[in-house]
Amino acid sequence: DDCAVVFGDTRLSNAELLDRAGRCARALITLGVRPGERVGLLLENSPEFLVAFFGTAACRAVAVPLNLELKPDELVFYLGDAGVRCLLVDPARVELARQVTAGLPQPCEIIVNGPAVPGTHSLPELLASAPPVPLPACRLDDELIYKPKIGPCEFNNVEFKTTLNFSAEGRFTGKKPAGTGIAVIGDSHAM
């Protein structure tokens, strides 16, 4: 299997990325995330960002990649505008996540890319214990990446592009077309 992710000394094959993304999707489903709901990604560039991004797509939810430089009031705006149901964060951003989710009109689960702290879930623990629930079939018209129409920042013209492949039954395969790369290009994320 060819290499899908290279990050420092970490290497993930397509099969490993697909497995982790599938476990992430199942964990999100277990937390109650349904197709069309929004999942915020406030994560450093890392393999876990890709796992969360593709896992969100695999359960037919909508990824909301967030710029790590946003101020708390800007995060509240984007999370509220998107109606984010879950927010995945790095351990260093747990307090920020608590602050901004407290200001949202909707409930929002916090998932930490590390050990859980009171009131949060641990992404590694969720991945390790994800039950084998079936993933929903994806449709060609599914919205996979949220992009606000207006906002308080000057980078709203950013285009998000990705290559995602699905089987004939609409299942996420994680395989890339021959001769191409999988890329997630966003305001603060480029892999």
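Predicted model: local features only at pLDDT ≥ 70, side-chain atom pairs only at ≥ 80, totals over all residues.
Residues are numbered from 1 along each chain as its sequence is written, and side-chain values use heavy atoms, with hydrogens and water left out.

The mean pLDDT (the predictor's confidence in each residue, from 0 to 100) of the protein is 80, and 71% of the residues reach 70 or more. Over residues 152–172 the pLDDT is below 50, and this stretch has 67 contacts (heavy atoms within 4.5 Å) in the model beyond near neighbours in sequence. Residues 176–191 likewise stay under 50, and for them the model has 52 contacts beyond four places in sequence.

The secondary structure comprises 5 helices and 7 strands, where helices (H or I, at least four residues) and strands (E, at least two) are DSSP runs numbered from the N terminus. In order from the N terminus, the elements run β-β-α-β-α-β-α-β-α-β-β-α. Of the contacts with a separation of 6 or more, 63% are accounted for by residues 24 or more positions apart. The accessible surface, computed by the Shrake-Rupley method with a 1.4 Å probe and, for residues, with only the protein chains shown as cover, comes to about 9,300 Å², of which 54% belongs to carbon and sulfur atoms.

Helix H1 covers residues 14–30, and its end C-alpha atoms are 24 Å apart, which agrees with the 24 Å that its 17 residues should span at 1.5 Å a residue; the expected span is 1.5 Å times one less than the number of residues. The buried residues of H1 are Asn-14, Leu-17, Ala-21, Gly-22, Cys-24, Ala-25, Ala-27 and Leu-28. Just after H1, Gly-32 takes a positive phi of about 100°.

Leu-28 is also among the residues with the most contacts inside the largest nonpolar core, together with Val-33, Val-39, Leu-41, Leu-88 and Ile-111. This core has 30 residues, a nonpolar core being a set of buried Ala, Val, Leu, Ile, Met, Phe, Trp, Tyr and Cys residues joined through side-chain atoms within 4.5 Å. The elements that give two or more residues to the core are H1, E3, H2, E5 and helix H5 (123–129), and the largest share, 7 residues, comes from H2. Apart from this core lies another, of 19 residues, among them Leu-66, Leu-79, Leu-87 and Val-100.

The whole structure contains 6 salt bridges, each a side-chain nitrogen of Lys or Arg within 4 Å of a carboxyl oxygen of Asp or Glu. Glu-37, which counts as buried at 18% relative accessibility, meets the exposed Arg-34 (53%) in a salt bridge of 3.4 Å, N to O. Glu-37 also forms a salt bridge with Arg-85, the closest N and O atoms being 3.7 Å apart. Because Glu-37 lies in the loop between H1 and strand E3 (38–42) and Arg-85 in strand E5 (residues 84–89), this pair ties together parts that are 48 residues apart in sequence.

A further salt bridge joins the side chains of Glu-44 and Arg-93 (3.1 Å, N to O). Glu-44 lies in the loop between E3 and helix H2 (47–58) and Arg-93 in the loop between E5 and helix H4 (94–102), so the pair ties together parts that are 49 residues apart in sequence.

Terms used:
Buried < 20%, exposed > 50% of the residue type's maximum accessible area, 1.4 Å probe, protein only.
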